[in-house]
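Here is a short briefing on one protein chain. Look at the sequence and the structure first, then work through the points by topic.

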Amino acid sequence: MKPLLNRTVAVTGIGVVTPAGVGVDAFWQSLFEPGSDEAVRRVDEGSLNVRRVMTHKAAKNSDVNVHFAVVAADEALRDAGLLADARGEGPAESDEQALVDTVDLDRAAVSMGTGIGGIQTFAAQADVLRDRGERLVSPHTVPMVMPNAAAGALSIRFGMRGTATTVTTACAAGTDAIANGARLIAQGVADVVLAGGTDSSLTPVCIAGFGNMRALSKSGISRPFDRDRDGLAASEGCGMLVLEPLDQALARGAHVYMTIEGAASTADAYHVTAPAPEGRGAERTMRLALDDAGLKPEDITHINAHGTSTGLNDAAESQAVSRLFGASRPVLTSIKGVTGHSFGAAGAIEAVAVALTIANSTVPPTAGLVNQDEAIDLDIPTEARPWQPGPVLSNSFGFGGHNGSLVFVPVLV
């Protein structure tokens, strides 16, 4: 991760959109409340209030996953103190937002992850074609559907002229996008990066597909690591981080949530949906991320798990964690009992959760966990736990055998 300039990567801003809460404060509060009993969880449009940051025309001509990204990016950049304007709560009159003049826009980049991009738009326009004919299909369909739409929209909106890339590694996409953004900072390619993941894949076809492959919870309850877990709760949302070199962030007096010290991405090369037996791919990825950070397993004090509430995934991840961390037993939690599984956005939303866990010195409980699977011998809290901030590992694993891990470390200044 640090082969060139070896710059330390700081997280200076966070923004988030989830069905459980839009905005950092609402999101953090939601992690200490019971999860819903809905197998499909959608972001409330009223809470999203997309017209506050997008004009009617721009919102109409972009997919909902782009709406999520713009709302979360606006919050993250404001949090980092990098937005020049003071936009109010009324409807947006412009779709351009200026960054502070100290930002070199040629060295400001975007790194986004997503699962399938604008599939909501694709589904809607397919219905238009079938029911009303090709002449009424929107001319904006292609740019609304393309997976890189969110990265492009953020680049255009904020005038960020550095690289603007998109990662599509299924449920590992948000984590991989943050890792890629961190490398841009570490290697001196960019001085500011918007990095995260956005996803809205809740079309009738996708939901039916998850149900028919027996991945979707029949009870509607997401219960990671529970003996009675019966599948994931399908969700949507966005998580966004602002990344900068640590010395730059400290020099301008920015609040630093944490640094990104390590990252790794591997492939199971085993099966399109099932994890490698006993979580061997997950274990290798976690080891590589620790090596990248220069840390040992016993240095990790907390793990934000992928923890999807599916039988195979939770078993594989827990086996990998048990082998790697052994007797050190870092406290482990999954927030998907509250958020559901937002696929390509999940890892980025969980990175925001890690930032808040560090900021509040508190590990959120694993909502939905009532009877821990006897085969899973891990320290998983069911109530909020006070915690002395230390190095944190965050995991994401996706269809196709994609594995991603990040190592976050608190900053003491």
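The buried residues of helix α8 are A173, G174, T175, D176, A177, I178, A179, G181, A182, L184, I185 and A186. Buried means under 20% relative accessible area, exposed means over 50%, and partly exposed lies in between (1.4 Å probe, protein chains only). Helices (H or I, at least four residues) and strands (E, at least two) are DSSP runs, numbered from the N terminus.

This is a predicted model: local features need pLDDT of at least 70, side-chain atom pairs count only at pLDDT 80 or more, and totals for chains, interfaces and linings use all residues. Residues are numbered from 1 along each chain as its sequence is written, and side-chain values use heavy atoms, with hydrogens and water left out.

**Helix α8**

- Helix α8 covers residues 173–186. It is mostly covered, with 12 of its 14 residues buried.
- From first C-alpha to last, α8 reaches 20 Å, close to the 20 Å expected at 1.5 Å a residue. The expected span is 1.5 Å times one less than the number of residues.

**Helix α12**

- Helix α12 runs over residues 311–325. Its 15 residues should span 21 Å, and its end C-alpha atoms are 21 Å apart, which agrees.
- The buried residues in α12 are N313, D314, A316, E317, S318, A320, V321, L324 and F325.
- An α-helix has 3.6 residues a turn, so residues three or four places apart point the same way.
- What covers the buried residues of α12? The cover includes α11 (280–293), β8 (302–304), β9 (331–333) and β12.
- G326 follows α12, and its phi is positive, near 45°.

**The whole chain**

- The protein chain has 14 helices and 13 strands.
- Buried residues make up 58% of its 413 residues.
- A compact globule with 413 residues would have a radius of gyration near 22 Å; this chain has 20 Å, which agrees. The radius is taken over C-alpha atoms, and the globule rule is 2.2 Å times the number of residues to the power 0.38.
- The C-alpha trace spans about 60 × 55 × 40 Å along its principal axes.
- Take the contacts (heavy atoms within 4.5 Å) with a separation of 6 or more: residues 24 or more positions apart account for 80% of them.
- The accessible surface comes to about 16,200 Å², and 52% of it belongs to carbon and sulfur atoms. Accessible areas come from the Shrake-Rupley method with a 1.4 Å probe; for residues, only the protein chains shown count as cover.

**Aromatic pairs**

- How many aromatic pairs does a search of the whole structure find? It finds 3.
- W28 and F32 form an edge-to-face pair, 4.9 Å centre to centre with 75° between the planes.
- Rings of Phe, Tyr and Trp (its six-membered ring) pair if their centres lie within 6.5 Å; planes under 30 degrees apart count as stacked, over 60 as edge-to-face and the rest as tilted.
- W28 is buried at 14% relative accessible area, while F32 is partly exposed at 32%.
- The ring centres of F210 and F399 are 6.4 Å apart and their planes are at 35°, so this pair is tilted.
- F210 lies in helix α9 and F399 in the loop between β12 (392–398) and β13 (402–409), so the pair ties together parts that are 189 residues apart in sequence.
- F210 is buried at 14% relative accessibility. F399 is partly exposed at 34%.
- Ring pairs link F210, F343 and F399 into a cluster.

**Two serines in one loop**

- S235 is found in the loop between α9 (204–212) and β6 (237–245). S217 lies in the loop between α9 and β6 too.
- S235 is buried at 0% relative accessibility. Its side chain reaches the backbone oxygen of T339 at 2.8 Å.
- Beyond its neighbours within four places in sequence, S235 has contacts that include P19, R41, L202 and F343.
- S217 is buried, with a relative accessible area of 4%.
- The S217 side chain makes a polar contact with the side chain of S219 at 3.0 Å. A polar contact is a pair of N or O atoms within 3.5 Å; within protein, one must be able to donate a hydrogen and the other to accept it, and residues adjacent in sequence count only if both atoms are side-chain atoms.
- S217 touches A39, D230, G231 and L232, not counting residues up to four places away in sequence.
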